[in-house]
Amino acid sequence: MDVDEIDASIRSGKAVCPYCGVGCVITAKVRNNKIIKIGADKDQAPNFGMLCPKGAYLKEVFDESGRLKYPLIRRHRGMAPTRVSWEEAIDFAAVRLLEIQKEHGRDSVGFYGSGQLDTEASYLFTKLFKGYLQTNNMDTNSRLCMSSAVAAYTQSFGSDAPPTCYDDIQHAEVILIIGANMAENHPVLFQMIRKRRVKGGNVRVVVVDPRSNPTAEFADVHIRLAPGSDVAFLQLLSKRLLGIGRMDAPFIRRRTEDFSSYAAHLKALDEEVLLKTCDIHPARVDEMVEYLSTPCRLLSFYCQGTNQSTQGVEKCLALQNLHLQLGEIGKKGAGPFSLTGQPNAMGGREVGYLSHQLPGHRLVANDAHRAYLEGAWGIRPGSISTEPGLTAVPMFQAAEEGEIRAMWIAATNPAVTMPDVKVAREGLRRAELVIVQDCYFPTETAEFADVLLPVAQWGEKEGTMTNSERLVVWSEKFLDPPGEAMPDWWIASQIAGEMGFDGFDFASHEDVWNEFRRLTAGTSCDMAGMTDERLRQAPMQWPCPHPRHPGTPRRYLRGRFATESGRAKFMPCAHKPPDEAADAQYPMTLTTGRVAQHWHTGTRTMKVPQLVSQEPEPFIEIHPDDAARHRVKEGEWIFLIGRRGRTYARARYTSRIRRGLLFMPMHWGESFHPETNVNRVTNPALDPVSHQPELKCCAVRIEREEKRASLTPV
Ligand code: SF4
């Protein structure tokens, strides 16, 4: 007998996990506004009873001492913020934003949001900034995560988002995981792959990653390529397959365009050069070629390892080219599947929260798209700016240069996460107005805030989120937020209303959802049929154009793509090395990433003793041969010195990493120690198309002479 069957004071609810893009639905039992049990329903998509430790320990993050509970205003920098009423905070934020725009122009303000925001909040921020404040200086941490995948999907298939779904794992014959440590970063999805293999059947798993990790250890083949050589590897594989005639000629003829120039480009490449670029044993490529040499269902997963690169878009395109060549798309068990890092990164893309986007996968650069939204929102024609706004890294650079005067930051911690983080921190210091809305306090970003707005967190609000497989899930409210915390959408609507803008008079988040879903009608992410009543019954995958439509687990099944011609495009690619090469002064390459126990900057997971005890402090993985060369002892605290700064962590020997390569996770910001943030050394160089920074690769040297006690706080 379950506990709530004998105790009427217990209530229950379910909501999307606030961590990764797998989007597990977590159930909770609550008594006296306290969670007493966390679980997962075995019949509930997408996780069917599974949770990883981050989700399973979610109960631990509700300690009120770490919460932002009341609106605060800091009257003078350097002083402690003081409690104010919601009315005062809303009035202050609204008046100051409008004053700064009036004095310095509409592009003097910027918004920086997050894939942690629900769809309703993301939509209202987009409407407010792009429609009413008339600036496209609105971007989010999704720019740092998967904007390269967005650009590549759009270029090849005419529409953002994967064609695939989680059920494809059950039908794939070869699973290629490239640049994604799924076992640690998308654990429940990886558990589905494990289960598929345990059940037996014909499935091979190939992992392509410069570093060994729990994902690679599970693979049939691990291809430990040189950092940044993904395009060369994928071209080598495609060329070898083309050389033995492995292509789906009928599919290519009927469903694609530009194959001949793609094939000619591949043929002209030198295999030896490609192999040397990847720095891998030829036998590894032979194995992969053998796996794919006969028709088989190919499912590819990829994430920040491909995306966070100055070649991010080309890497994604090279992978999509391989799928098109083999015809492995638009059918069960096949397709290129980019993973989202955050619970609603997909939903944010749907509402257009990146600086070049508008709601419904529309674009600010498209005249018809702008005109449609101006009409729908009832605003003057020409209100929406025609140029994409500043993306994440340039927005903080503009703040540092004094061009952006006001920053509104929601549900993210850029004072830790931006590459070359001192620029972002200086930008926040220099800005005249910094508004931070978050559920936690203190955070590194909150240190710079003039206005702090308390937000309801997981379980304390209703709202929708879309996971990696385009599954839209409705989350319930089953806890009362502490103090005066409110949902993000409510805060956006109140400040917009205070500014005097019509169009933000929403009584509930259902009202916001209904306005947004109607705007998607006829678009590639059509959710017009997803009424709030239907979503309360069960999650659904878009496109879902009318209220009787069952949703769409797989796209392009009829071979018609979202391009103007209806055909997918082969996109020629060229390998280029990472922006920053190791040299005599900086002889090691540093790559960054995450560990299973923590999430982003640790504002949640560092509150969970069970997770912190497993990974309590920052570390640097180093090959024992490199450690010997640099006389680094196991467990010793060492500095990494880069071209932009230095960082600091404990050395961890492992032969899982290539010689010459170091790995340091991203979770320990300035709250832990003034110098343990890895982004003090990372490279802000951008992919020229997606503007995603190259967080995965920079050059450093090791120094071990200085003692921890001599560190100077920032
Ligand atoms: S796999 Fe991701 S979504 Fe699922 S419980 Fe873990 S962190 Fe949450």
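I call a crossing left-handed if the near helix is turned anticlockwise from the far one by less than a right angle, and right-handed if clockwise. I number residues from 1 along each chain as its sequence is written. The model is predicted, so local features need pLDDT of at least 70 and side-chain atom pairs count only at pLDDT 80 or more, while totals for chains, interfaces and linings use all residues.

**Entry: α17 and α19**

I took helices (H or I, at least four residues) as DSSP runs, numbered from the N terminus. I looked up α17 (residues 392-400) against α19 (residues 421-430): the angle is about 50 degrees, and the axes lie 7 Å apart. Axes are lines fitted to C-alpha atoms over the stretch in contact, and angles run from 0 to 180 degrees between N-to-C directions. The pair is therefore oblique. For that word, angles under 35 degrees are roughly parallel, over 145 roughly antiparallel, 65 to 115 roughly perpendicular, and the rest oblique. α17 passes α19 in a left-handed crossing.

I listed the contacts next (C-beta atoms, placed from the backbone, within 7 Å). α17 brings Phe396, Gln397, Ala399 and Glu400, and α19 answers with Val423, Ala424, Glu426, Gly427, Leu428 and Arg430. I sorted this contact into five nonpolar, two polar and three charged residues. My classes put Ala, Val, Leu, Ile, Met, Phe, Trp, Tyr, Cys and Pro as nonpolar, Asp, Glu, Lys and Arg as charged, and the others, Gly among them, as polar.

**Entry: α4 and α14**

I then checked α4 (residues 147-157) with α14 (residues 312-326), which pack at about 45 degrees with axes 8 Å apart. That makes α4 oblique to α14. Here the crossing is right-handed. From α4 I noted Ser148, Ala149, Ala151, Ala152, Gln155 and Ser156; from α14, Gly312, Val313, Cys316, Leu317 and Gln320. The contact holds six nonpolar, five polar and no charged residues.

**Entry: domains**

I read the bounds from an automatic or database domain assignment. It gives domain 1 (3-62), domain 2 (72-145 + 343-541), domain 3 (149-338) and domain 4 (588-710). Over C-alpha atoms, the centres of domain 1 and domain 4 are 33 Å apart. Six residues from domain 1 and nine from domain 4 make their contact. On the domain 1 side I found four nonpolar, no polar and two charged residues.

**Entry: ligand shell**

I found 14 residues around the ligand, with Cys17, Cys20, Cys24, Cys52 and Gly55 the closest. A residue joins the shell if its C-beta atom, placed from the backbone, lies within 6 Å. α1 (53-56) and α6 (187-198) each give two or more residues. Domain 1 and domain 3 each supply at least three. By class, the shell has nine nonpolar, four polar and one charged.

Terms used
Contact = placed C-beta atoms within 7 Å.
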